[in-house]
Amino acid sequence: MHSVIIESLHKLSQNLWWSWNSDAHEIFHELSPQVWNFTNRNPVAILSAISPAELHARLLDQAFVTRVKTVLDKFEFYVNEEASVYKEFSNHPIAYFSPEFALHECLPIYSGGLGVLSGDHIKSASDLNLPLVGIGLFYRQGYFSQQLTLDGTQEERYHLNEPDRLPMELVRYPSGKPMVILVEIGHSLVHLNVWKIKVGRISLYLLDSNHPNNEEHYRDLTSRTYGGDITTRICQEMVMGIGGVRALTALGISPSVYHMNEGHSAFLTFELLYNKISEGVSIEEAEVWIRQHSVFTTHTPVPAGHDRFTEELLNFSMNNYSALIGIPVEKLMNYGRVEKDNKKETFCMTVLALKMSLKSNAVSELHGSVSRTMWKPLYPDFDEKHIPITHITNGVHLETWLHPRGANFWKNHLGEQWTQEIRKEDFWKKLLDPQFISDEAIWAMRYELRRTLIEFVRTRLFEQQRRLGGNNFNMYANLFSPDALTIGFARRFATYKRAPMILEQIDRITKIANDQERPVQIIFSGKAHPRDEYGKAFIKRIVAISRDPKLFGRVAFLENYDMGVARYLIAGCDVWLNNPRRPQEASGTSGQKITIHGGLNFSILDGWWREGYDGKNGFAIGKDESSNDEAAQDTLDLDNLYTTLETKVLPKFYNRDVQGIPRAWIMTIRHAMASLLPVFNTDRMVRDYVEKLYRKK
């Protein structure tokens with residue numbers, strides 16, 4: 001009996017379904033809390049660390065084994081349920097290509113929002129039982145671990161991802177021989193292993209160049225997320241696009257739709273072109289077929305953010321490949337140029353994706369408008385509003401981002417089937433009624449989550465200090481207060497996001513933060529790209545301010561931001577600050593994750609918040625407008641930020657009744673839940689992709 005359960009536990013550990021099931025989390029955590037925390041909550045590592053004798057003994061606890069069997073039954077039912085709504089894709093699934101997938105913190109193969117969106121997309125595809133396969137790269141060193149020096153300088157450390165200790169498996173042929181995909185890069189034939197990650201009902205395939213038959217420099221090609229120079233970038237994109245299509249063919253998968261999530265995978269269209277030409281189809285007919293089967297999502301609202309390659313680099317990387325497919329490099333260049341045969345124009349991956357897709361989308365309404373303006377030269381015969389770039393606003397996968405204590409709150413109030421309730425639009429409308437869930441219950445949840453965050457911050461800051469040679473825990477034992485308004489700012493430290501803005505007027509923020517009646521504390525976290533010196537300077541500046549005696553214990557920077565750190569911050573913060581330089585935030589999703597925990601957004605009207613804000617479900621910084629004068633816009637945004645904080649956020653949070661409860665604040669929480677959660681989630685988003693992009697009409 002126990003052997004069957006143990007076998008099923010191992011099977012569960014190899015499927016990322018556990019990453020969004022709180023009961024499964026708790027079972028693995030109980031088996032070894034130390035290993036769970038040390039390995040970034042990795043069930044495969046847990047089961048490797050526990051002997052068969054110990055596991056058999058633990059299963060002698062009847063209460064524990066009953067819980068285990070309940071989780072295993074739910075898992076089996078979930079993965080074996082047949083598709084019903086999307087049967088049209090059963091034999092020809094959607095192929096979803098993305099350069100990064102943020103699935104869980106134990107799999108650090110992501111860097112930021114694009115990966116988060118990709119991971120949440122395939123999880124919702126699984127929940128909706130939409131036939132889909134994912135294609136990406138296996139980064140053996142992943143994205144870097146961030147460590148700060150004494151003066152706040154970011155240092156990057158890379159750690160090896162060991163596949164045999166992660167929830168993934170090497171893809172093999174029926175003979176048992178590992179599947180190897182070959183791609184012509186430069187003058188070499190690069191060998192690629194294929195790894196499979198099970199994400200609920202979805203299979204994600206990752207290509208890996210660490211193969212013994214490769215030259216040394218090609219073995220490291222896929223080692224790091226966005227690592228290396230521009231040559232590494234184009235080679236990685238050839239692996240993902242060309243190699244990805246070849247992997248699908250080797251797997252016997254014939255997709256109905258190829259979805260390029262950002263332009264990094266657009267070389268897949270060249271491989272499809274080669275395949276159709278090999279079938280005897282003319283280039284013109286092949287192009288039509290590819291457009292009918294390809295869709296593209298752009299995430300970048302600034303021209304500088306789109307990958308561009310010179311003809312010299314394209315010739316170096318694709319000379320042999322172009323000879324194979326029978327199209328000279330100079331002709332391939334035109335697929336990535338706005339203006340045909342313009343020798344001065346570089347090759348742009350976004351242009352390639354747009355040209356070879358019948359349908360394309362931006363990731364918010366405003367981003368759609370910005371994208372149509374940006375790419376108008378590519379569509380000279382269209383009025384700008386009719387340029388074929390629509391928008392599908394991003395969402396988040398709610399269960400993935402729920403802190404365990406938040407999950408317990410909903411489970412305690414809604415029962416064992418709580419995950420079904422939070423998927424129903426009508427359910428969230430009930431939250432407007434205090435009789436459904438009381439103000440007292442919501443306020444108790446907020447205090448519990450804030451306390452959990454504060455204690456996490458104290459521990460994390462002490463660990464950072466100890467790594468630098470300190471050992472004074474008392475210095476951090478009472479820092480920050482569970483009673484104070486807690487503001488969070490955590491995301492990539494790209495400069496347009498203006499991370500230090502709230503600290504710009506140091507005297508003003510010092511006065512606000514240290515108000516005895518209405519104190520404020522601000523917690524920052526995030527990584528700057530290794531080559532982004534401005535982003536690194538932002539981090540260094542925030543760290544210096546956090547150590548100023550006037551703001552010590554009111555401002556903190558937590559190093560090595562990842563999905564695990566994010567889960568504490570989005571749960572414990574009362575307010576989520578977002579102050580990008582509009583309209584450069586394509587969508588953003590970090591603020592969407594706080595709502596289910598009772599947090600509120602405090603943001604520039606950019607990206608998704610421009611659509612989500614209705615005047616009573618959070619706080620807007622400034623108006624629905626932009627300026628071409630960046631300096632003037634920065635000044636205006638800063639003033640609006642402080643004014644809104646002082647006149648709207650703080651009064652509402654600290655206005656308490658005789659029971660000490662901020663009724664108006666909690667009503668804002670209710671409005672946020674009712675208006676935002678049914679809309680800004682990836683279930684809705686994936687349905688939109690099916691209706692607007694995937695289905696042929």
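**From the sheet to the helix pairs**

Strand 18 (residues 575–578) and strand 19 (residues 600–604) pair in the parallel sense, over four bridges. Two strands pair here if DSSP finds at least two bridges between them. Helices (H or I, at least four residues) and strands (E, at least two) are DSSP runs, numbered from the N terminus. This is a predicted model: local features need pLDDT of at least 70, side-chain atom pairs count only at pLDDT 80 or more, and totals for chains, interfaces and linings use all residues. Residues are numbered from 1 along each chain as its sequence is written, and side-chain values use heavy atoms, with hydrogens and water left out.

Stay with strand 18. Tryptophan 576 stands opposite asparagine 601 in strand 19. Valine 575 has leucine 600 as its bridge partner in strand 19. Valine 575 also stands opposite isoleucine 487. Strand 15 and strand 18 run parallel and are joined by two bridges. Is strand 18 buried or exposed on its two faces? Both faces are covered. Val575 and Leu577 on one side are buried, as are Trp576 and Asn578 on the other. Buried means under 20% relative accessible area, exposed over 50%, and partly exposed in between (1.4 Å probe, protein chains only).

Six strands form an open sheet in the order 17-16-15-18-19-20, with parallel pairing. Strand 17 (555–558) and strand 20 (619–621) are the edge strands, and each pairs on one side only. From one strand to the next, the twist averages 20°.

Helices lie on this sheet. Helix 20 (residues 439–467) lies across strand 15 (485–490), strand 16 (520–525) and strand 17. It runs at about 70° to strand 17. Helix 24 (residues 563–572) packs on the sheet too, touching strand 15, strand 16, strand 17 and strand 18. The direction of helix 24 makes about 155° with that of strand 16. Axes are lines fitted to C-alpha atoms, for helices over the stretch in contact, and angles run from 0 to 180 degrees between N-to-C directions. Contact means heavy atoms within 4.5 Å.

Next, the helix pairs. The axes of helix 9 (residues 230–250) and helix 12 (residues 311–325) come within 9 Å and cross at roughly 25°. The two helices are therefore roughly parallel to each other. Angles under 35 degrees count as roughly parallel, over 145 as roughly antiparallel, 65 to 115 as roughly perpendicular, and the rest as oblique. Helix 9 passes helix 12 in a right-handed crossing. A crossing is left-handed if the near helix is turned anticlockwise from the far one by less than a right angle, and right-handed if clockwise. Among the contact residues are Ile234, Met238 and Ile242 of helix 9 and Leu314, Phe316 and Tyr321 of helix 12.

Helix 1 (residues 2–13) and helix 6 (residues 62–80) pack at an angle of about 55°, with axes 11 Å apart. They are therefore oblique to each other. Their crossing is left-handed. Helix 1 contributes Ile5, Ser8, Leu9, Lys11 and Leu12 to the contact. Residues from helix 6 include Val65, Val68, Leu72 and Phe75.

Valine 85 lies in the loop between helix 6 and strand 1 (94–97). Valine 85 is exposed, with a relative accessible area of 54%. Valine 85 and leucine 130 are 45 residues apart in sequence and 7.9 Å apart in space, C-alpha to C-alpha.
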